[in-house]
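Subject: Structure for your review

Dear colleague,

Please find below the structure that I am handing over to you, together with its sequence. My notes on what was found in it follow directly after.

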Amino acid sequence: MKIYSPNVKIFDDDSDVDKYASSFVINQVGSKPYSVITLPTGSTPLGMYTLLSDAYSEGKISFRFSIFFNLDEYWPIKKSSPSSYYYYMNTNFFNKIDSPCSNRFIPNGEANDPNLESEKYNNLLDKYGESDLTVLGIGPGKTAHIGFNEVGSDYNSKTRYVLLSQETYNTNLKFFNKKEDMPIGAITQGISNILNSKKIILIAKGANKAWGINRVINGHIGTDAPASFLRYHPDVTFILDKDASEML
Ligand code: F6R
């Protein structure tokens, strides 16, 4: 399989990381209003969502026709839980823009059967075809995950129920009030769903991303660093702050 060198942009200031990342979404939706866009949650893209919501409030952009797919959702989790990705997307982005509910898709953390829900989500992704743009974060430390594709995930993986790695579990515990509330698994788009996007950007901030960023850009491609499969894609841009780039 052909291996590509990703574009790498490094900024001193986190706000410039956010600006650059949001410019990809704005340019995409500006040039094709009915774009299909895949989105992440987590701490990293919060600044980007603020800038995108601001651009909408200032009348610079409309998301009315865009189709949004999320990468993942914990399972099981109530949509009303402040720790769910459903809640996160609504409060940080969707409720602040003009996107109709019918154009936004997130795996259902309330589904009875996570395997069936994964299959349904995968069919929905297939129905809409490839994403025009996918925005990613990267997992902390040695996880190098994208979505919740943890170590061991293969490049042909599809949407499925997965168990979180211990490192992901420990890192994300801070997003839950009580340990008992945190699910041990999630529904995630697979690596093949992610690679089936015309363009991909990956945003990383902070020193706990530095090992993964270097491993993924300069190491071998393999299931022990799932984000390394991004090097099979011809149009990937890594958008990094200084700390995340310090081991390159
Ligand atoms: C979340 C997701 C994950 C996160 C990653 C980084 O939807 O897909 O891969 O992007 O765990 O999370 P933060 O940004 O909290 O460091």
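Ser-83 lies in the loop that runs between β4 (72-75) and α3 (85-92); helices (H or I, at least four residues) and strands (E, at least two) are DSSP runs, numbered from the N terminus. Please note that this is a predicted model, in which local features need pLDDT of at least 70 and side-chain atom pairs count only at pLDDT 80 or more, while totals for chains, interfaces and linings use all residues. Residues are numbered from 1 along each chain as its sequence is written, and side-chain values use heavy atoms, with hydrogens and water left out.

Ser-83 counts as buried because its relative accessibility is 12%; buried means under 20% relative accessible area, exposed over 50%, and partly exposed in between (1.4 Å probe, protein chains only). Its side chain reaches the backbone oxygen of Phe-175 at 2.7 Å. Such a polar contact is a pair of N or O atoms within 3.5 Å; within protein, one must be able to donate a hydrogen and the other to accept it, and residues adjacent in sequence count only if both atoms are side-chain atoms. When residues up to four places away in sequence are not counted, Ser-83 touches Tyr-74, Ile-77, Phe-175 and Phe-176, where contact means heavy atoms within 4.5 Å.

The loop between β4 and α3 also holds Pro-76. The peptide bond from Trp-75 to Pro-76 is cis, with omega near -5°.

**Two further buried loop residues**

Leu-71 is placed in the loop between β3 (67-70) and β4. With a relative accessibility of 2%, Leu-71 counts as buried. Apart from neighbours within four places in sequence, the contacts of Leu-71 include Thr-38, Leu-39, Pro-40, Val-135, Leu-136, Ile-187 and Ile-194. Leu-71 and Ile-217 are 146 residues apart in sequence, and their C-alpha atoms are 22 Å apart in space.

Ala-144 belongs to the loop between β6 (131-136) and β7 (160-163). Its phi is near 45°, a positive value in a residue other than glycine. Ala-144 counts as buried, since its relative accessibility is 0%.

**Ser-53 in helix α2**

Ser-53 sits in helix α2, which covers residues 46-57. A relative accessible area of 4% makes Ser-53 buried. The side chain of Ser-53 reaches the backbone oxygen of Tyr-49 at 2.7 Å. Not counting residues up to four places away in sequence, Ser-53 touches Asn-92, Phe-93, Lys-96 and Ile-97. Of these, Asn-92 is 39 residues from Ser-53 in sequence, with 8.4 Å between the two C-alpha atoms.

Arg-231 is found in the loop between α7 (210-218) and β10 (236-241). Arg-231 counts as buried, given its relative accessibility of 12%. Beyond its neighbours within four places in sequence, Arg-231 is in contact with several residues, among them Lys-2, Ile-3, Tyr-4, Pro-6, Arg-215, Asn-218 and His-220.

Arg-231 and Leu-173 are 58 residues apart in sequence and 30 Å apart in space, C-alpha to C-alpha. Leu-173 lies in the loop between α5 (166-172) and β8 (185-188). Its relative accessibility is 24%, so Leu-173 counts as partly exposed. Leu-173 touches Lys-179 and Met-182 when residues up to four places away in sequence are not counted. The C-alpha atoms of Leu-173 and Lys-79 are separated by 18 Å, and these residues are 94 apart along the chain.

**The chain as a whole**

The protein chain contains seven helices and 10 strands. A compact globule of 248 residues would have a radius of gyration near 18 Å, and the 17 Å of this chain agrees with that; the radius is taken over C-alpha atoms, and the globule rule is 2.2 Å times the number of residues to the power 0.38. The C-alpha trace spans about 40 × 40 × 35 Å along its principal axes.

Of the 248 residues, 55% are buried. Among contacts with a separation of 6 or more, 78% join residues 24 or more positions apart.

With kind regards
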